[in-house]
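Subject: Structure for your review

Dear colleague,

Please find the structure below, with the sequence alongside.

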Amino acid sequence: MKIEININNNIEIHEVEPRVTLLDFIRDNVGLKGTHAGCEHGVCGACTVLMNGEAVRSCLVLAVQSMGDKIITIEGVNSEDSESGLLNIIQDAFCEKHGLQCGYCTSGMILTAEALLKVNTSPTREEVREAISGNICRCTGYVQIVDSIMLAADRLSKRNTSPDKS
Amino acid sequence: MKPAPFNYERPKTLDAVCDFLAKNSNSLILAGGQSLLPMLSMRLSRPSLLIDVAHVKGFEEIKKIGNTINIGPMVRQSVALESSVLKNHLPLLIKALPFVGHPPIRVRGTLGGSLVQADPSGEIPLVAVTLGAVFHIRDGNDNIEILARDFFLGPMLTAMPSSGCLYKISFPVSKYSKIGCGFHEIASRKSDYAFASTAVQIEQNENGKIETISLGIGGALDYPQVINISGYNEKKINLKLLKELISEALLNIDFVGDFHASASYRKRVTIKLASRSFSDALKEIGYI
Amino acid sequence: MKREKFKFLSKDRVPSENSRFVSGKGNFVADIDRPNMLHVAILPCHEPAAIIKKIDFSKALELKGVVDIVTGDELLNAIKPLLNGLDTPHVKRYPLAIKRVRYAGEWVCAVVANSRAVAEDALEKISLELIKQEFVLDAEEALSDKSPNVHPDHGSNILLEKKFIWGEVEKDFDKSDHILNYTVKWGRNSTVPIETFGVVAEWNNIESILDVWASIQMPKFSDHIATVLGLKGNDVRVHFDVDVGGSYGVKRGIKHTILASYISRKLNRPIKFIEDRLENMRAGDAHGPERKFNVSLAFDNNGKINSMKMRALDNAGAYAGRAPFQLGKPIGAIVGPYKISSVEYEAISVTTNKAVQEAVRGFGQAPTNYALETGVDKVASYLKVDKLDLRKLNFIKASEFPYTIPSGSEYDSGDYLTVLEKVFKETNYKDLINKRDKLRKKGIMAGVGIASCLEPSGGNSSFEPLLNEKNKTTTWMESCQINVDALGDIIVKIHTTSSGQGHETLVSTIVGEILEVSPEKIRVSRPNSLESLPGNSPVGSRMAIMLGGAAARAADKIKSKIMEIAKFKFGVSKDNLIYKNASVISNDGNVLTWQQIIDLCHRQINELPSGMDPGLASFDIMQVPTGGKLPKNNKVHMYPCYSFEFHLVLITFDPVICKPNILSYTVGHDCGTVINPSIVTGMTYGGVAHGIGAALFEEFVYDENGQLMTQSFLDYLMPSSNEIPEIKIVKHCTPSPHTYFGQKGSGESGYLGAPAAISSAINDALNPLKLEVSSLPIRMHFVSDLIASHENNGKFKK
Ligand SMILES: Cc1cc2nc3c(=O)[nH]c(=O)nc-3n(C[C@H](O)[C@H](O)[C@H](O)COP(=O)(O)OP(=O)(O)OC[C@H]3O[C@@H](n4cnc5c(N)ncnc54)[C@H](O)[C@@H]3O)c2cc1C
Ligand code: FES
Ligand code: FES
């Protein structure tokens, strides 16, 4: 089947079998490898992408289902909201607070954080924990991930309230 | 872990859905896919056709008509959580929904999908049973109505005809002035499928008299069930009495046991959680 | 080097690897695509034991896109068995089952196809004809003569059975006031990285070279591949620039790699094999220890523990793997942080019809620590003394280092009491006990748990010759190369893959520290195995010590050359020169700048001392400090460094629901000089989380039919952010005398003590009821049922 999906603001047109998941479509058809497969049965969250602004698991969506939806992957996450041009505030905070080790769950964590901070600009640590509870990280024990997201939230709210947006 | 091949259709009307279902004996409806996709990927389910009902007209609506709340099967769990109609009239459902998986699951997962999936630990089936929901199903040209408590037959087993499509879920709106509810469950990790869950709704008339008490239990049995609590009418209700009544009502019920949680454990926990749910419900109506 | 003088070391600096991971630019094996590549899927057999009569794959081969199907019979004639390090010639392991399956899930054949999906389609068309065999799942049963043998030719299920007696055990038992016997069990769990194992293998028949990209953490990986496939060592090129998505010891993947490499050679096409989660959980050679301990402790009225007898029985699964050796490493810290003068240790490893074990974080140390710590709690409870006081009494004191334990290892340094004091400043023990008692008064089950233990680090393999006399290996090295290019920029090469430990940050920090160059300016490169010097990969918590050590020594060599040049240039002795900010300054005020040094080395050989080679490069191959001796009298000195950790937890739970709530978690951690604090802290948090998983949630459970019940993430439960508390880490630094900067290892920290601490807390909560749990994981229903049956017996009134 020929399908068209908006990924990171590009219209991707590819011929795929209906059985191809959005995860495999992004990785194999589009060639963006930043979205990772951890379990392929919906439990680990490594494959998380943004669909119309909300975090979803790309292994639990068929590519054909997402025709008409707007998908953002880790590669596109800084395009809408980039201060330095390279990394956005959340990515920067993950670097600074070392919210990762092996980096395998990281894309999913960052996109989940994106979705959270869009609707809750000043979450408590508990709210952050709840929001990322569907993303398993085996390396970090989550503490530095929560630190990263709290730092990002703080910076985002400061940026949003200060008149000078630099 | 890749699905076996299948075809895919995306009909826009219920008629078209039923047409596909009738013509393809090995077809399955795809709603949010949060239960179906893992089954497909593990090849535990092998349909030849998937009928995506996400774009069927009216399937995403939530409407109050008279004393009934009608919910389309494609209403996403995350949307339901934010619905003001549901917040006003079905607070028990609102209490239960945050226990369904994690936020990203609820963004895609639907109410209809969860009901037809009939996981013994499903929170939405439990609420449907507890509140006396009615499922409207189209099978070919036939419209069928099935009461929630007649719908669930066993783990992942329902009275759904193989070529049926759930197109509407109706919940009765309480006719009493005050309702109180409580929902508690316990799982190994916070968001796992529950070992035991309990849903309680209490209705009170304008004179402060308790008119109905509904208790549903899930997770601990093969399918969610309503437990008849009797013997509260005559006496003033208190938690101690309720706990006794619950224990009595559960006496002859067989609980499920596995390596995650033994049957005896599930039973004790059900009693404890039911008490907590009752306590919440009674507090909400100012009774205790 | 003096610590306070550090410029970059021990400073809060952002690890250099982070930016590529936060932008999705990691280079994981699944991301690697090669032209004309084929994919592999595996057919498992679901019987725990059977003889394979026939494999019919004719229908599968007819499927469009299917290229080949490989069976064990084919491999038997084409490759050698995998190496196992033990002297068990009849326990042979191949990537696919040969004639017999020995556990449910074992790989029977491999389908090669154009895509993974088509390969999976083909699996469904293969039929197996099997003759079912008797099987055994329990380790104790496997020991009995009546049990079926997993490997009939081997003649028994015993892979390893060795008894050590160190010191005057019987005498110490006789003279002690009390003896306490107990049994504890460590459930089969593992590290379960979020990335499964994966490999891409590409044979080039023109150049006779095998390229391998794999998510490995394994010593001597390319040697192993070459040996099994009958290739020369220099025919195998393993790419070390693959980012590994977590390993914590387990990512060995040798059978996967041999299989993919064999197929690639056969078909002359690149082969990609990324395990799916089911393949990984069922048969990825990725389970961890499953161990039963029978322990006796001999102690005096005052609490002094004199001697220990420990029998450790490990259920290795169907093949040898690394499991038996995981009984060996704990010998290096068999008495933990305590002065126990004699030990009897019996290590038994048996085969059963379960999946194969591989190395898991700590290499057997965490279960042993759990067994010992549980015993220390029991002694305290028996003597009715405080379990903290008992530990303090038995601790090796700071003044007693270096301290040689009965099994021959020499502990380098430590100051356990000071670590405890620091922890109590953060979380006061007495306050925690008071809090516990208040909660108990409200009807809540509450318990305080503690655990103190060691992390032997700087891994070598001296347990191998100890357990297998034919093995005479004493060398266990790591290496590093440095080149300063003609522009004066520094390239450091490391010769291993990384799985989140931050090796690039480690070496750039150290080289930057020594050469006084900003680490950001240093490029770290991870070449392939043909361009690498020998090393033994990040196992046994060794990289800070070994890779860090090799990098420091290589940097020193660069510095020495620079000093030689300066000496020659200024005509003064070395004592009159100092190296500062990447320049050399003489005491009479002459300065040789970095740019001048580069010019001299790269462009002006005529200005260099005669005979000196051009360029500015160095390398170092470093042997494990203090290692290198063979065992003597069944004793051996193992690792050079011993990090210390102390855990203090408060747990509460409802007596019916029994869901543990970790109210407070503090760890004191001393791993000597820290190279990068956020990396070490992160690993400790992660280790504690992993330990909480092992204590409460994680287990590979088999049912009575030998079927794995927990093969997906729906049943194998790893803690999520909701289950891990806010952990407080308290740091202390007792430098090691054996390492360059005084650093010790920290890759296993947290995990080594957390299971013991959690168990200690739950048992403390159960103590008023005189109940106890003695196996992990501690499931909620188990505790609840225990309390309920106690209530029913009328002993407990609430
Ligand atoms: C990690 C994870 C955790 C989860 N945790 C929970 C949890 O704690 N509690 C819980 O209740 N659920 C949980 N779920 C399941 C989730 O709630 C699912 O969304 C839900 O069960 C199914 O809804 P769906 O819309 O995704 O349905 P789908 O997966 O699309 O469909 C499920 C089944 O229903 C059928 N179906 C769907 N719609 C119709 C229709 N209109 N008419 C007829 N048949 C139909 C499909 O054919 C299929 O058989 C979890 C899922 C995951 C992956
Ligand atoms: S890969 Fe999608 S949730 Fe694990
Ligand atoms: S950083 Fe390795 S799994 Fe999260």
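A residue is called buried when its relative accessible area is under 20%, exposed when over 50% and partly exposed in between, using a 1.4 Å probe and protein chains only. Helices (H or I, at least four residues) and strands (E, at least two) are DSSP runs, numbered from the N terminus.

This is a predicted model, in which local features need pLDDT of at least 70 and side-chain atom pairs count only at pLDDT 80 or more, while totals for chains, interfaces and linings use all residues. Residues are numbered from 1 along each chain as its sequence is written, chains are lettered from A and ligands numbered from 1 in the order in which they are written, and side-chain values use heavy atoms, with hydrogens and water left out.

Helix α7 of chain C and its surroundings

Helix α7(C) (residues 221–229) is mostly covered, with seven of its nine residues buried. These are F221(C), S222(C), H224(C), I225(C), A226(C), V228(C) and L229(C). They pack against β10, β11 and α8 (254–267) of chain C, where contact means heavy atoms within 4.5 Å. After α7(C) comes G230(C), which has a positive phi near 70 degrees.

Within this helix, S222(C) has a relative accessible area of 16% and is therefore buried. Apart from neighbours within four places in sequence, S222(C) is in contact with V236(C), V238(C) and S529(C). Between S222(C) and N590(C) there are 368 residues in sequence and 50 Å in space, C-alpha to C-alpha.

Strand β10 of chain C

Strand β10(C) (residues 209–214) is also mostly covered, as six of its six residues are buried. I209(C), D211(C) and W213(C) point one way, whereas L210(C), V212(C) and A214(C) point the other way. Strands are taken to pair if DSSP finds at least two bridges between them. On this basis, β10(C) pairs with β9(C) (residues 198–204) in the antiparallel sense over six bridges, and V200(C) stands opposite W213(C). The hairpin of these two strands has four residues between them, and S208(C) takes a positive phi near 50 degrees there.

Strand β10(C) also runs parallel to β11(C) (residues 236–238), to which three bridges join it. Here V236(C) is the bridge partner of L210(C). The chain passes from β10(C) through α7(C) to β11(C) in a right-handed β-α-β crossover; right-handed means that, with the strands pointing away from the viewer, the path from the first strand over the helix to the second runs clockwise.

Strands β27(C) (residues 661–670) and β28(C) (residues 727–732) pair in the parallel sense over six bridges. H669(C) stands opposite K731(C) in β28(C). The β-α-β crossover from β27(C) to β28(C) goes through helix α18(C) (residues 677–696) and is right-handed.

The four-stranded sheet of chain C

An open sheet of four strands has the order β21-β20-β19-β25 (chain C), with mixed pairing. At its edges stand β21 (523–525) and β25 (616–623) of chain C, each with a single partner strand, so one side of each has no neighbour in the sheet. Direction ignored, neighbouring strands are turned by 20 degrees against each other on average. Within the sheet, β19(C) (residues 477–484) and β20(C) (residues 490–494) pair in the antiparallel sense over five bridges, and V484(C) has I490(C) as its bridge partner.

Two helices lie across β19, β20 and β25 of chain C: α16(C) (residues 543–570) runs at about 145 degrees to β25(C), and α17(C) (residues 594–603) at about 90 degrees to β25(C). Axes are lines fitted to C-alpha atoms, for helices over the stretch in contact, and angles run from 0 to 180 degrees between N-to-C directions.

Helix α16(C) packs with α15(C) (residues 503–515) at an angle of about 35 degrees, their axes being 9 Å apart. Among the residues making this contact are L506(C) and I510(C) of α15(C) and L547(C) and A551(C) of α16(C).

A helix pair in chain A

In chain A, the axes of α2(A) (residues 89–96) and α5(A) (residues 143–161) come within 8 Å and cross at roughly 140 degrees. The residues that meet include I90(A) and F94(A) in α2(A) and I149(A) and A152(A) in α5(A).

Yours sincerely
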